[in-house]
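Please look through the sequence and the model shown below.

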Amino acid sequence: MNAESDATAPLLAPEGESGGGGNGDAVQEDEEQKSSMKEELLRVGAMLGMVLIGMAVVLLIFFWPLMFGSLLPAPKGNAAVVVGYRIGIQVVHFLLLVFLPFPYLYLHRKVCHPIRILLMPLVNEVSRSEGVREKEVTWYNKCSDLPQTRDPPVLLSRLKPSCRKDLRKKLRLFFENEITTQTVHSDFLSLRHDVPILWAHEKRAVQGTDKSVVEEFIKRFLVLFLVSHAYLDRYYDKDGKICALGQFVSCKNTINNFMYFCLEEQRRFGIWQYHHFRGLLRAVAASPEIEYINFQVHQGYAKRLAGSIAADYRDDELLSKLYPFALYKRPPASVIDLKIEKEGFMGS
């Protein structure tokens, strides 16, 4: 009888205790709903701020001749002549932005640099909130937990066996396909060469989903176009044509390795694995100035296989470190031109 009483005691708690537990559950549920609502409001607010202000900056850069055409000198004549002249200036302006990234596009983006800097904390907030909303883990590495070596073969050899096997295979593919790389400041973004990679990647990424390719393209284009103090990793095929694009930047004590796009033909050439592994090397090279490298959400299987760790979307303390609400800054000089040489890797 005593044993039976002991076994059923949790189910037969006094009414007051049972009621208290119910109230506790209700309070906890209410707090979770409030927290969820707060996260959603932050996400929507940050998204609207980034999109509206970002789009205003983009439209200003692309269409200022039409917006402020009345302030420009115009030929004498009827309205048709004046309108035709202004449209002609707009066309020439657009062509120069596309075909003359430096100095024409460069100078236009520099003029808007103060606004671009102030927008950057919103990018982190949107990225974090999107992950929480979709209940996606964030993939990252703590720099001090990685093997402290800047030698690529040595770093590869000290990763866990599953990582070593996959990365070695993919890095071999990268070198066999004669992929080359160049790192440039994001101020030297090219609408003609870089943006088509983004469009092709997003067009492929939304296949089989209910997402709009235009919406996904615009969101990523805004980040690519507006981000300040970032660097671009360009990847070229054996014919010297750009086939993939990556982007990284620093924020407080974190490196964000947060943009990657690739053409269909080269997506199985190991470029993504090279880019990710180079991120690990950069994390080691930047330590102790940099504490974390954030590989963002999605592609979980590939990132885990490449040696990254999952941060739960409910871990507010860790996510605050990975997505700090702060201005972006230039990454440490030691990581900018870091490359993985074919000879060093193949000799391991």
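This is a predicted model: local features need pLDDT of at least 70, side-chain atom pairs count only at pLDDT 80 or more; totals for chains, interfaces and linings use all residues.

Residues are numbered from 1 along each chain as its sequence is written, and side-chain values use heavy atoms, with hydrogens and water left out.

Helices here are DSSP runs of H or I with at least four residues, and strands are runs of E with at least two, both numbered from the N terminus. Helix α3 covers residues 79-99. The expected span of a helix is 1.5 Å times one less than its number of residues. For the 21 residues of α3 this gives 30 Å, and the end C-alpha atoms are 30 Å apart, which agrees. Buried means under 20% relative accessible area, exposed over 50%, and partly exposed in between, with a 1.4 Å probe and protein chains only. In α3 the buried residues are Val82, Gln90, His93, Leu97 and Val98. These residues lie on the same side of α3 because they cover an arc of only 145° around the axis; the arc is that of the directions from the helix axis to the C-beta atoms. An α-helix has 3.6 residues a turn, so residues three or four places apart point the same way.

Helix α7, residues 161-176, has 16 residues and reaches 22 Å from its first C-alpha to its last, close to the 22 Å expected. Which residues of α7 are buried? They are Cys163, Asp166, Leu167, Lys170, Leu171, Phe174 and Phe175. Their arc around the axis is only 160°, so they sit on the same side of α7. Exposed residues Pro161, Lys165, Lys169 and Glu176 are carried on the face turned away from that buried side. Just after α7, Glu178 has a positive phi of about 55°.

Next comes a pair of helices. Helix α5 (residues 113-133) packs with helix α9 (residues 213-226) at an angle of about 135°, and their axes are 10 Å apart. Axes are lines fitted to C-alpha atoms, for helices over the stretch in contact, and angles run from 0 to 180 degrees between N-to-C directions. Within α9 lies Glu216, which is buried at 6% relative accessibility. Glu216 is 13 residues from Lys203 in sequence, and their C-alpha atoms are 8.8 Å apart in space.

Cys143 is buried at 0% relative accessibility, and Cys163 is buried with a relative accessible area of 1%. With a disulfide defined as a pair of cysteine sulfur atoms within 2.5 Å, the count is zero.
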